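Visitor: I've just opened this one and I'm new to it. Could you walk me through it and tell me how you know each thing you say?

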Amino acid sequence: MSSVSSQPQFRYTQPPSKVLHLRNLPWECTEDELIELGKPFGTVVNTKCNVGANRNQAFIEFEDLNQAIQMISYYASSSEPAQVRGKTVYLQYSNRQEIVNNKTTADVVGNVLLVTVEGEDARMVSIDVLHLVFSAFGFVHKITTFEKTAGYQALVQYSDAETATAAKTALDGRSIPRYLLPEEVDQCSLKITYSAHTDLTVKFQSHRSRDYTNAFLPVAPSAIDSTGQVAVGIDGKKMEPESNVLLASIENMQYAVTLDVLHMVFAAFGAVQKIAMFDKNGGLQALIQYPDVQTAVVAKGALEGHCIYDGGFCKLHITYSRHADLTIKANNDRSRDYTMPNPAVPMAQQPGQNPYAGNSQQYHAAGASHHHHQQQQQPQGGWAQSGGGQGHNPYMAPPSSGSMHQGPGGHMPPHYGGPGPMH
């Protein structure tokens with residue numbers, strides 16, 4: 001009989017029980033694998049998987065005591081140890097006589113999700129990409145990333161369990177949208193469970209952790225840009241590395257903003273090559289690609305904080321994206337590659353569509369019907385350069401006359417006038 005002196009396969013510290021304790025299992029061993037391991041010795045009536053800090057322990061409960069004794073006795077006298085996925089499994093009697101609760105930590109619903117990014121290039125998925133993905137379902141409070149034996153993982157904290165559940169339901173097993181990943185990064189998928197944490201501790205903003213609720217948190221030296229250098233402004237805070245791709249977030253969306261509207265807005269400053277839109281918390285975010293960084297810098301400086309519609313509606317917040325070239329698989333009402341010759345204009349799709357297929361109501365519970373009504377409204381006017389009267393903000397539309405300029409409750413969005421190129 002083979003033996004392992006450093007870690008014996010059997011421990012006889014407990015009296016016989018029909019519940020066996022298994023150690024050194026592969027990470028996230030499944031219930032089916034446990035049943036298959038115990039099947040030659042009797043009927044497994046209950047299991048408890050992924051126990052312990054490393055989630056590599058489990059319990060199996062046989063129908064009667066003799067079956068459990070038979071399994072222990074067999075492997076105690078066998079030259080071949082018990083194995084799951086090629087790993088030696090260590091067995092002993094449990095100090096419990098039955099498995100009362102089959103719920104693991106991963107089954108307990110909470111506001112923090114444990115995300116495992118799977119794929120050859122999983123470690124190249126930035127914390128900003130994860131934030132974009134999970135922000136589609138609600139405000140993300142904090143994110144921390146780390147590497148374990150299970151691979152590249154992240155903890156994502158929402159304000160409540162309902163939002164976390166909606167994100168888990170929609171994203172578990174799905175792939176990160178191709179256009180959010182750099183071209184050199186292969187497809188990566190998400191495996192999601194609930195975490196036992198309720199409030200993450202983030203001491204520094206870095207490439208590994210972010211607290212989106214605390215704008216005054218110090219920036220760690222590890223918050224480096226793509227060149228490997230820490231970019232610090234005159235105020236001592238980390239500067240955004242400039243990019244030819246802008247990330248635009250839209251707030252106070254009283255009116256629908258379509259891909260064509262965004263194109264008119266951003267084309268005022270230079271040729272727009274590509275646009276990709278996606279939903280975020282009832283509003284919109286979009287990635288807008290220019291041919292060069294200089295054009296993007298001018299557009300960002302001119303448009304940041306301004307509104308598409310007069311009256312403070314559809315306010316733009318713009319940052320630089322880490323992307324340099326967006327991948328657009330199809331021209332539709334959510335993404336467009338303007339470098340393609342004569343891109344076909346697609347049929348209108350349902351409003352509120354998320355880059356992840358599925359029931360959009362899962363992550364648009366708030367204001368979904370209102371957004372559907374907005375989608376039917378077509379913006380009036382264009383981002384043509386306006387004359388701009390005295391004291392008028394050149395980035396806002398001049399007041400409209402008559403019924404064309406109505407408030408949020410009306411049926412027509414106000415005109416919007418556009419900025420000309422900066423000189």
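Visitor: Leaving aside neighbours within four places in sequence, which residues is Ala68 in contact with?

Guide: Ala68 is in contact with Ser17, Lys18, Leu20, Phe62 and Tyr93, where contact means heavy atoms within 4.5 Å. Before we go on: this is a predicted model, where local features need pLDDT of at least 70 and side-chain atom pairs count only at pLDDT 80 or more, while totals for chains, interfaces and linings use all residues. Residues are numbered from 1 along each chain as its sequence is written, and side-chain values use heavy atoms, with hydrogens and water left out.

Visitor: Where is Ala68 found, and why does Ala68 count as buried or exposed?

Guide: You'll find Ala68 in helix H2, residues 65-77. Helices are DSSP runs (H or I, at least four residues), strands are E runs of at least two, and both are numbered from the N terminus. As for burial, buried means under 20% relative accessible area, exposed over 50%, and partly exposed in between, with a 1.4 Å probe and protein chains only. Ala68 has 0% relative accessibility, so Ala68 counts as buried.

Visitor: What makes Phe41 and Tyr74 a tilted aromatic pair?

Guide: Rings of Phe, Tyr and Trp (its six-membered ring) pair if their centres lie within 6.5 Å; planes under 30 degrees apart count as stacked, over 60 as edge-to-face and the rest as tilted. Phe41 and Tyr74 are 5.4 Å centre to centre with 55 degrees between the planes, and that makes a tilted pair. Phe41 sits in the loop between helix H1 (31-38) and strand S3 (44-51), while Tyr74 is in H2, 33 residues apart. Phe41 is buried, because its relative accessible area is 8%, whereas Tyr74 has 43% and so counts as partly exposed.

Visitor: And why is the pair of Tyr179 and Phe278 called tilted?

Guide: The ring centres of Tyr179 and Phe278 are 6.1 Å apart and the planes stand at 35 degrees, so this pair is tilted too. Tyr179 lies in the loop between H4 and S11, and Phe278 in strand S14, 99 residues apart. Tyr179 is buried because its relative accessible area is 13%, and Phe278 is buried because its value is 3%. By the pairing rule, the count comes to four aromatic pairs. Phe41, Tyr74 and Tyr75 form one aromatic cluster.

Visitor: Which strands stand at the edges of the five-stranded sheet, and why?

Guide: The order in this open sheet is S11-S8-S10-S9-S12, with antiparallel pairing. S11 (189-194) and S12 (209-211) are at the edges, because each has a single partner strand and one side of each is left without a neighbour in the sheet. Two strands pair if DSSP finds at least two bridges between them. S9 (residues 140-148) and S12 pair over three bridges, in the antiparallel sense. One example is Thr144, whose bridge partner in S12 is Ser209.

Visitor: What does helix H3 lie across?

Guide: H3 (residues 127-135) lies across S8 (112-118), S9, S10 (151-158), S11 and S12, at about 130 degrees to S9. Axes are lines fitted to C-alpha atoms, for helices over the stretch in contact, and angles run from 0 to 180 degrees between N-to-C directions. Helix H4 (residues 161-171) packs on the sheet as well, touching S8, S10 and S11.

Visitor: How many residues does the largest nonpolar core have?

Guide: That core has 39 residues, and Leu113 and Phe134 are among those with the most contacts inside it. A nonpolar core is a set of buried Ala, Val, Leu, Ile, Met, Phe, Trp, Tyr and Cys residues joined through side-chain atoms within 4.5 Å. H3 gives the largest share of this core, six residues.

Visitor: Last one: why does Gln285 count as buried or exposed, and which side chain makes a polar contact with the side chain of Gln285?

Guide: Gln285, in strand S15 (residues 283-289), has 5% relative accessibility and therefore counts as buried. A polar contact is a pair of N or O atoms within 3.5 Å; within protein, one must be able to donate a hydrogen and the other to accept it, and residues adjacent in sequence count only if both atoms are side-chain atoms. The partner is the side chain of Ser249, at 2.9 Å.
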